Structures are given as structure tokens and as C-alpha cells.
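Please read it alongside the sequence and the coordinates shown here.

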Amino acid sequence: MGRSSKDKRDIYYRLAKEEGWRARSAFKLLQLDHEFNLFTGVNRAVDLCAAPGSWSQVLSREEKVEKGEGGEEVKIVAVDLQAMAPLPGVTQIQGDITKVSTAQEIIRHFEGQPADLVVCDGAPDVTGLHDVDEYIQAQLLLAALNITTHVLKPGGTFVAKIFRGKDVTLLYSQLKIFFSGVTCAKPRSSRNSSIEAFVVCQNYQPPEGYVPNMSNPLLDHSYDVDFNQLEGPNRVIVPFLACGDLSAFDSDRTYPLQLDAGKQYQYTPPTQPPIHPPYQQACHLRKNNLLSREDAPTDCKYTSFTTSGA
Ligand code: SAM
């Protein structure tokens, strides 16, 4: 697919490049903030699964993270498995959010103080098998919740990507144990065709005596109840909210390249290209007509590959 055809397909992809965001997902956080006022009074924020860094960019743009009480300096820590190009005002940890050592490193950067806000746009590599993808996404959300319980202050806010699959009620129930307010929000920049949404969890209140740990509740066999079967007050109903200005661009629509009459369209290269993109080798093989050759090295044979992005 040529450069301009990708630009034609996605308005938020195009706008992200024009406005200097590293990824179109920046608009999702901006639209969530517009609805929930996430950044007011935030002095310490954590961006989990941050690469390539557009959510960290949103957090760090001064007008976005307003100065907290007493004009305290705002500290932002970004965590990802992958390397990320540096961003001013953001401390990076290249690490795994499922590890307690990562939680300890975050706390070290905050000099022992808890975070006011934790955001997580984490996504595992999509397999294309919906049940598997939903399950892995749920696991990542629980890992994000677990590490959040180590670093978030009581009363703090947690925002995370969620797939609204068939077991989503179980996830809502687990989040409701820790937060008094849980809302499922769908920003306008997140495609309707995607099951992606975001949980905005407000007022962190762990159960009395709760000791944070990195165990995984979904793998705990005492959870043998199908939460979707629960009725009445036992079933947690989380409000669902479509957010972002209704007159904003629709992420499922195709827009002409030339939005302003009389203004010539100009291609904008990505703000921060990936450092070691896994598709680089496949592109090289395809360009050189080596994709299906028997003599290609076994780890380089690609018959098809998919791209994802919500
Ligand atoms: N919010 C980012 C932005 O706006 O630029 C985009 C995040 S991208 C959709 C998802 C990221 O999750 C990937 O960079 C991936 O490396 C990261 N990730 C997945 N599993 C992780 C884990 N266990 N620990 C840390 N990062 C993880």
C-alpha cells in the first residue's frame, strides 16, 4: 500500500503526523481527558505500555498536565518492553509490566511517592484469533491493574484499554473491587469496528488489608463462576460512554486527502518511526521477491502478515 493511500484511509493517522504525535492513539487519550478531566492536579503519572510514546507526549505537553497543588514539578514515567525514542520530561523504563521489579523502579523514580494517574494503552501482538486476542488482552489489563495497585495513591485514577469481549463483565467486577467508579468509554478516534474501548477507573480504594501482589486472578481456579450468568445486584453494570466531540472526525469514515479547498495536500512522514519494526525484514524480502522462496532462511519466510490498529 502506497504512502498516500494509508493517509487517505485514516484521518486520525494523518492528523497525528500533522500535529506531531507519534501515534494516532494520542487522540484517544485527549478525547478521554476531554470527557473525564484526567490531568487536573496530577503531579506523578505513569504511562504503561508506552511505545512509541504518543500518550507520554500527551501527558508531557505542559498545557495538558496542569501543575498540581503548590506548583510541584510533574514527573512522568513511561514503561514498555520496547525501546522508545527519548521524550523531554519523561523518564523511560524498558521493562515488563508483569514484573514486580518494574513497579519498584517506578516507585524509585517517584522517590517513594505514589502516582496520581496510571494510564495503559497496552496491546499484545494480535493473532487474528478473536478468543485468543481477547484473552491475552484481558491478561495484560490485569497485569496493568496489578502493577497499578503497587504504585497508585488512594483516590487515584487508572485508565486502560479493554476489549469488550464476552468475558468483559468479569473484568469490570475485578476493577470494581479496587475503584468506586468504573466507566467504559469509547473515544471517537477509536474505530467503531474495533472491540477496543477504555476503562476509566476513578477513586482507587483497595479493599481493607489488601496487599498488592503480582498474582493473576484469572488463573486462580477458585474463579469458577461464569460472571456473565450473574443476575441482579451481583452483576456489575458499568456505564458505557461514547466520548469526544460528536462533530469530531469519524475514525471509520474515509475523508478526501484535501480537506481544505484550495490547500494542496502534502504528505507528512511519521513523527517517530519505529526503531526496530518487526515488519522491516518482511518488507525487504517482499521488495526483493524473496517471500516464498524455498531457499530463504526459515525464520524469514512470510506468506502473509497482518497489521493492526484501532
Ligand atoms: N500508547 C502508545 C502510544 O500512544 O504511543 C501505544 C501503545 S502500543 C498500542 C502497545 C504497547 O504495549 C507496545 O509498544 C508493546 O510493546 C507494549 N506491551 C505489550 N506487553 C507489554 C508488557 N508486558 N510490558 C510492557 N509493555 C508491553
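## The loop between β1 and α4

P52 sits in the loop between β1 and α4, and in this predicted model the peptide bond that joins A51 to P52 is cis, with omega at about 5 degrees. C49 is found in that loop as well, where it has a positive phi of about 60 degrees although it is not a glycine. C49 counts as buried because 22 other C-beta atoms lie within 10 Å.

G53 is likewise placed in the loop between β1 (44-48) and α4. Is G53 buried or exposed? It is buried, because it has 25 C-beta neighbours inside 10 Å. When residues up to four places away in sequence are not counted, G53 touches R22, A78, M84, A85, L87 and Q272.

## The ligand and its surroundings

The ligand is surrounded by 23 residues, and the closest are S25, C49, A51, S54 and D121. By class, the shell divides into 13 nonpolar, six polar and four charged residues, while α4 (54-60) and β2 (75-80) each supply at least two of its residues. An unreviewed UniProt entry lists G53, W55, D80, D96 and D121 under "binding site".

D121 lies in the loop between β4 (115-120) and α6 (130-151), and it counts as buried because 23 other C-beta atoms lie within 10 Å. Leaving out residues up to four places away in sequence, D121 touches S25, C49, W55 and K161.

| Residue | Loop | Other C-beta atoms within 10 Å |
|---|---|---|
| G53 | between β1 and α4 | 25, buried |
| N37 | between α3 and β1 | 11, exposed |

N37, which occupies the loop between α3 (26-36) and β1, has a phi near 55 degrees, a positive value in a residue other than glycine. N37 counts as exposed because it has 11 C-beta neighbours inside 10 Å, whereas C49, with its own positive phi, is buried.

The chain has eight helices and eight strands, and of its 310 residues 35% count as buried. Among contacts with a separation of 6 or more, 73% are accounted for by residues 24 or more positions apart.

The largest nonpolar core holds 68 residues, of which A26, L48, V118, A144, A160, I162 and F198 touch the most other members. Helix α6 contributes the largest share of this core, with eight residues. Apart from its neighbours within four places in sequence, A26 is in contact with A16, W21, S54, W55, Q57 and V58; S54 is also one of the residues closest to the ligand, and W55 is among the positions in the UniProt "binding site" list.

In helix α5 (residues 100-109) the buried residues are T102, A103 and I106. Seen down the axis of α5, these buried residues fall within an arc of 100 degrees, so they line one face of the helix. They pack against β1, β2, β3 (90-94) and α6, while S101, Q104 and R108 are exposed on the other side of α5. Just after this helix, E111 takes a positive phi of about 50 degrees.

Terms used: Residues are numbered from 1 along each chain as its sequence is written. This is a predicted model: local features need pLDDT of at least 70, side-chain atom pairs count only at pLDDT 80 or more; totals for chains, interfaces and linings use all residues. A residue is near a molecule or strand if its C-beta atom, placed from the backbone, lies within 6 Å of it. Helices (H or I, at least four residues) and strands (E, at least two) are DSSP runs, numbered from the N terminus. Ala, Val, Leu, Ile, Met, Phe, Trp, Tyr, Cys and Pro count as nonpolar, Asp, Glu, Lys and Arg as charged, and the others, Gly among them, as polar. UniProt positions are given in the numbering used here, feature names are shortened, and annotations may be inferred rather than shown by experiment. A residue is buried if 20 or more other C-beta atoms lie within 10 Å of its own, exposed if 12 or fewer, and partly exposed in between; C-beta atoms are placed from the backbone. Two residues are in contact if their C-beta atoms, placed from the backbone, lie within 7 Å. A nonpolar core is a set of buried Ala, Val, Leu, Ile, Met, Phe, Trp, Tyr and Cys residues joined through C-beta atoms within 7 Å. The arc is that of the directions from the helix axis to the C-beta atoms.
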